[in-house]
Amino acid sequence: MRASRLVSILLLLQTRERMTARELAERLEVSERTIYRDVESLSAAGVPVYGEAGHEGGYRLLGGYRTRLTGLTGDEAEALFLTGLPAAADDLGLGAVVAAAELKLMAALPAEARDRGARLRARFHLDAPSWYQAGAAAPHLPAVADAVWHQRRVRLRYRRWEAPHEVTRLAEPYGLVLKGGQWYVVARRDGEFRTYRVSRILDLEALPGTFERAEGFDLAAHWRGYLAGFDARRHRGEAVVLLSPAGLERLPHLAEAATARAALETAEPRPDGWTRVRLPVESDEQAVSDLLRLGADAEVVAPAGLRRAMARTLAAMSARYDETRRK
């Protein structure tokens, strides 16, 4: 632990012109007294580190000194692809490992390249979750990631929309995907690949032994194919809806891209200014929730079951807001 800290101090001083004991202590989460002792140890080992007193003081390395002690550990090398995704690294339990790997990379770069890297970080930021949404809690994510990496079969208890809502599955996890702030695991079960949202995993047990991955499996290509057929699998029905001019204008901002696209492709303007459209729907329950966002600017024409569901919901809402019921 102390050896690792000494290396970190050395690398930090290589990447910064000067750092105070307080800054080093905060960065490494130790006391300033510990930093004083560590700097003394580095000096005793022949590292040309010296301190300057005063307001502009701090620890420096003699000009031009560089160390070759930047070798990455196995975990750090594996985490390199996450250096631009700190939130994802934290989710996977690799935040500290990524930080250490990034520090070693910065220390190994010449000054000009290091400055360009710092400018890039200061001017670009990736925020994966969608607007108005936070990524769902996924307490089993680190365990899933470990099973993916070590090719461990897992037994998972999973909550899904269809009945029965809780199921137990034996699966071989092949890969993890971060999409719109949500983590998904692609796993093979009974010879077929399935996708599970990690936040819906209720329990997970890694089983003894390992499994053999299917030869030639490409996670990125599989995910592209999965997304291509996602809407077709999910949207099992269709609704005929009348939209007011305001509703037609608001639809792209309130509905999914597939819904807005279908409205544009099927639009039939009417003499009264309203537009008749055909919209893909997942279920009556979901369609009611989605269409209520448009308020009085939308009217369901068909199917009859969905129209009745809308009427029941609106009647219940009207009764709830009936002023005569207020006490």
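Helices (H or I, at least four residues) and strands (E, at least two) are DSSP runs, numbered from the N terminus. This is a predicted model, where local features need pLDDT of at least 70, side-chain atom pairs count only at pLDDT 80 or more, and totals for chains, interfaces and linings use all residues. Residues are numbered from 1 along each chain as its sequence is written, and side-chain values use heavy atoms, with hydrogens and water left out.

**Strand 3 and its partners**
- Strands pair if DSSP finds at least two bridges between them.
- Strand 3 (residues 154-159) pairs with strand 4 (residues 166-179) in the antiparallel sense, over 6 bridges.
- Across to strand 4, Y158 stands opposite V167.
- Strand 3 also runs antiparallel to strand 7 (residues 201-206), with 5 bridges joining them.
- Over in strand 7, E205 is the bridge partner of R155.
- The covered face of strand 3 has V154, L156 and Y158, while R155, R157 and R159 sit on the uncovered one.

**Aromatic rings**
- Rings of Phe, Tyr and Trp (its six-membered ring) pair if their centres lie within 6.5 Å; planes under 30 degrees apart count as stacked, over 60 as edge-to-face and the rest as tilted.
- That rule gives 7 aromatic pairs.
- Take Y184 and W223: their ring centres are 5.7 Å apart and their planes at 45°, so the pair is tilted.
- This pair links distant parts of the chain, with Y184 in strand 5 (residues 182-189) and W223 in helix 9 (residues 219-228), 39 residues apart.
- Both Y184 and W223 are buried (under 20% relative accessible area, with exposed over 50% and partly exposed in between; 1.4 Å probe, protein chains only).
- Y174, F193, F211 and F217 make up one aromatic cluster.
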